[in-house]
Amino acid sequence: MEKTFFMIKPDGVRRGLVGEVLHRIERRGFKIEKLEMRMATPELLEKHYEDLVDRPFFPQIVDFMTSGPLITGVLSGNQVIGSWRTMMGATNPKEALPGTIRGDYAQAPDEGGATFNVVHGSDSPESAEREISLWFGE
C-alpha cells in the first residue's frame, strides 16, 4: 500500500470543510492513518516549501499558512498519491474542474494575495516520505 501526506489548509478549516474533505477521502476507500490539527510555524513551512523560499510570494504563503489551524494527515491505499492529487484538482482554482475539492471549494486570490486552495498533497513517493517525516517525525 502506498502512503501520502495530506493537509487541509487554514482556509478549509476556517470555512468548515474538514468533514467534507475527510468524507471524500473515506468514500474513495483510502485509510486515514494519522490525523492531527495543529498550527504551522514559519520554520516548519520553510522546510516544507523549501523550493519556494526564495520566491517573492513566499512571505504571503507563510502569512496564509500561519493564519489559523490546519489539519495534517497520512493516507494509505492503492495508488493513493496520484488518486489524491486527482481528487484535489488543479492548484489554481480557476483551472480546477468541478467535482474536485479545489474545483468545488477553492477561491482565487485577491490581487497579490494567497491562493485559498483548501488542500495539499504530496506529488511523489519521495515527497510523501519527506513530508510525512517532516510533519510527523517518522
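This is a predicted model: local features need pLDDT of at least 70, side-chain atom pairs count only at pLDDT 80 or more; totals for chains, interfaces and linings use all residues.
Colleague: Which residue does the UniProt annotation "active site" cover?

Modeller: According to the UniProt record, an unreviewed entry, the "active site" annotation covers H120.

Colleague: Where is the place of H120?

Modeller: H120 is in strand β4, which spans residues 119–121.

Colleague: Is H120 buried or exposed?

Modeller: H120 counts as buried, because its relative accessibility is 12% and the cut-off for buried is under 20%.

Colleague: What is H120 in contact with, leaving aside its neighbours within four places in sequence?

Modeller: With those neighbours set aside, H120 is in contact with F5, F6, M7, K9, H48, W84, M88, R102 and E131. With H48 there is also a polar contact between the two side chains, at 3.5 Å.

Colleague: Let us change topic. How many aromatic pairs does the structure hold?

Modeller: There are 4 aromatic pairs in the structure. One of them joins F5 and W135, which are stacked, with 5.7 Å centre to centre and 25 degrees between the planes.

Colleague: Which parts of the chain does that pair link?

Modeller: The pair links distant parts: F5 is in strand β1 (residues 2–8) and W135 is in helix α7 (residues 125–136), 130 residues apart. Both F5 and W135 are buried.

Colleague: And what do F6 and W84 form?

Modeller: F6 and W84 form an aromatic pair of the edge-to-face kind, with 5.8 Å centre to centre and 75 degrees between the planes. Here too distant parts of the chain are linked, with F6 in strand β1 and W84 in helix α5 (residues 80–88), 78 residues apart.

Colleague: Why does F6 count as buried?

Modeller: F6 counts as buried because its relative accessibility is 0%. W84 counts as buried for its own value, 0% relative accessibility.

Colleague: Which residues form one aromatic cluster?

Modeller: The cluster is formed by F5, W135 and F136. Over the ring of F136 sits the charged end of R38, 5.5 Å from the ring centre.

Colleague: What else does R38 do; with which residue does R38 form a salt bridge?

Modeller: R38 forms a salt bridge with E36, and the closest N and O atoms are 2.6 Å apart. R38 counts as buried at 17% relative accessibility, whereas E36 is partly exposed, with a relative accessible area of 32%.

Colleague: How many salt bridges does a search of the whole structure find?

Modeller: The search finds 4 salt bridges. Among them is the one between E33 and K3, with the closest N and O atoms 3.1 Å apart. E33 lies in strand β2 (residues 31–38) and K3 in strand β1, so this pair ties together parts that are 30 residues apart in sequence.

Colleague: In what do the side chains of R24 and D104 meet?

Modeller: They meet in a salt bridge of 2.7 Å, N to O. R24 is in helix α2 (residues 18–28) and D104 in helix α6 (residues 101–105), so the pair links distant parts of the chain, 80 residues apart. R24 counts as buried at 12% relative accessibility, while D104 counts as partly exposed at 36%. E20 belongs here as well, since E20, R24 and D104 are linked in a network of salt bridges.

Colleague: Back to helix α5. Which residues are buried in α5?

Modeller: In α5 the buried residues are V80, I81, S83, W84, M87 and M88. They pack against β1, α2, β3 (70–77), α6, β4 and α7.

Colleague: What is α5 followed by?

Modeller: After α5 comes G89, which has a positive phi, near 90 degrees.

Colleague: Where does A96 lie?

Modeller: A96 lies in the loop between α5 and α6. A96 counts as buried at 10% relative accessibility. Not counting residues up to four places away in sequence, A96 touches A90, R102 and G103.

Colleague: How many residues apart in sequence are A96 and E20?

Modeller: A96 and E20 are 76 residues apart in sequence, and their C-alpha atoms are 17 Å apart in space.

How values were computed: Residues are numbered from 1 along each chain as its sequence is written. Side-chain values use heavy atoms; hydrogens and water are left out. UniProt positions are given in the numbering used here, feature names are shortened, and annotations may be inferred rather than shown by experiment. Helices (H or I, at least four residues) and strands (E, at least two) are DSSP runs, numbered from the N terminus. Buried means under 20% relative accessible area, exposed over 50%, partly exposed in between (1.4 Å probe, protein chains only). Contact means heavy atoms within 4.5 Å. A polar contact is a pair of N or O atoms within 3.5 Å; within protein, one must be able to donate a hydrogen and the other to accept it, and residues adjacent in sequence count only if both atoms are side-chain atoms. Rings of Phe, Tyr and Trp (its six-membered ring) pair if their centres lie within 6.5 Å; planes under 30 degrees apart count as stacked, over 60 as edge-to-face and the rest as tilted. A charge sits over a ring if NZ of Lys or CZ of Arg is within 6 Å of the ring centre and within 35 degrees of the ring normal.
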